[in-house]
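Here are my notes for you to read beside the structure. Take the points in order, and keep the model open as you go.

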Amino acid sequence: QVQLVESGGGLVQAGGSLRLSCAASGRTFSNYLMGWFRQAPGKEREFVAARSWSVGTTHYADSVKGRFTISRDNAKVYLQMNSLKPEDTAVYYCAAKRTDGTWYGDYDYWGQGTQVTVSS
């Protein structure tokens with residue numbers, strides 16, 4: 001059974017940093033993309049970043065490019081978030097899908113989410 005468990009959320013002041021972690025288990029992810037999404041209150045869920053599990057290529061939303069970095073160490077995927085802004089406040093979700101040539105689309109597995117709140 002695939003499990004994605006996020007941690008590392010919290011409250012931080014604008015300009016600060018947080019690192020989210022996603023512990024992945026239950027299968028081999030070598031042919032998978034690992035993604036981070038977020039959903040703010042009253043808004044649709046949006047793509048943040050993704051990384052190929054094996055090859056290491058990455059892709060970012062324009063809104064976080066240059067501030068966020070997605071990485072992997074063994075069975076954990078990280079999202080390093082720097083220069084945080086109040087508009088980054090959201091529940092952040094880790095997700096995984098089989099590599100299909102696109103960064104977006106339907107992801108197969110989801111974590112439960114972790115809250116990130118950035119105060120001004």
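Which backbone oxygen does the side chain of K97 reach? Point 1 gives the reply, after two words on the model.

This is a predicted model, in which local features need pLDDT of at least 70 and side-chain atom pairs count only at pLDDT 80 or more, while totals for chains, interfaces and linings use all residues. Residues are numbered from 1 along each chain as its sequence is written, and side-chain values use heavy atoms, with hydrogens and water left out.

1. **K97.** The side chain of K97 reaches the backbone oxygen of Y104, at 2.2 Å. This is a polar contact (a pair of N or O atoms within 3.5 Å; within protein, one must be able to donate a hydrogen and the other to accept it, and residues adjacent in sequence count only if both atoms are side-chain atoms). K97 is found in strand β9. Strands here are DSSP runs of E with at least two residues, numbered from the N terminus. K97 has a relative accessible area of 1%, so it is buried. Buried means under 20% relative accessible area, exposed over 50%, and partly exposed in between (1.4 Å probe, protein chains only). Leaving aside neighbours within four places in sequence, K97 is in contact with residues including N31, Y32, L33, W103 and D108. Contact means heavy atoms within 4.5 Å.

2. **The open sheet.** Look next at four strands. They form an open sheet in the order β1-β3-β8-β7, with antiparallel pairing. Two strands pair if DSSP finds at least two bridges between them. The edge strands are β1 (3–7) and β7 (68–73), and each pairs on one side only. From one strand to the next, the twist averages 20°. Axes are lines fitted to C-alpha atoms, and angles run from 0 to 180 degrees between N-to-C directions.

3. **Bridges to β3.** Five bridges join β1 to β3. Six join β3 (residues 18–25) to β8 (residues 76–81). V5 stands opposite A23 in β3, and the bridge partner of A23 in β8 is K76. Now check the faces of β1. L4 and E6 lie on the covered face, whereas Q3, V5 and S7 lie on the uncovered one.

4. **The disulfide.** The structure holds one disulfide. It joins C22 to C94, with S to S at 2.1 Å. The cut-off is a pair of cysteine sulfur atoms within 2.5 Å. C22 lies in strand β3 and C94 in strand β9 (residues 90–98), so the pair ties together parts that are 72 residues apart in sequence. The torsion about the S-S bond is about -75°, so the disulfide is left-handed. C22 counts as buried, at 0% relative accessibility. C94 counts as buried at 0% too.

5. **The core.** The largest nonpolar core has 36 residues, and F29, M34, W36, L79, M81 and Y92 touch the most other members. Such a core is a set of buried Ala, Val, Leu, Ile, Met, Phe, Trp, Tyr and Cys residues joined through side-chain atoms within 4.5 Å. Strands β3, β4 (32–39), β5 (46–52), β7, β8, β9 and β11 (114–119) each supply at least two residues of this core. Beyond its neighbours within four places in sequence, Y92 is in contact with residues including L20, W36, V48, F68 and V116.

6. **W53.** Finish in the loop between β5 and β6 (58–60), the place of W53. W53 is buried, with a relative accessible area of 10%. The C-alpha atoms of W53 and Y32 are separated by 5.7 Å, though the two are 21 residues apart along the chain.
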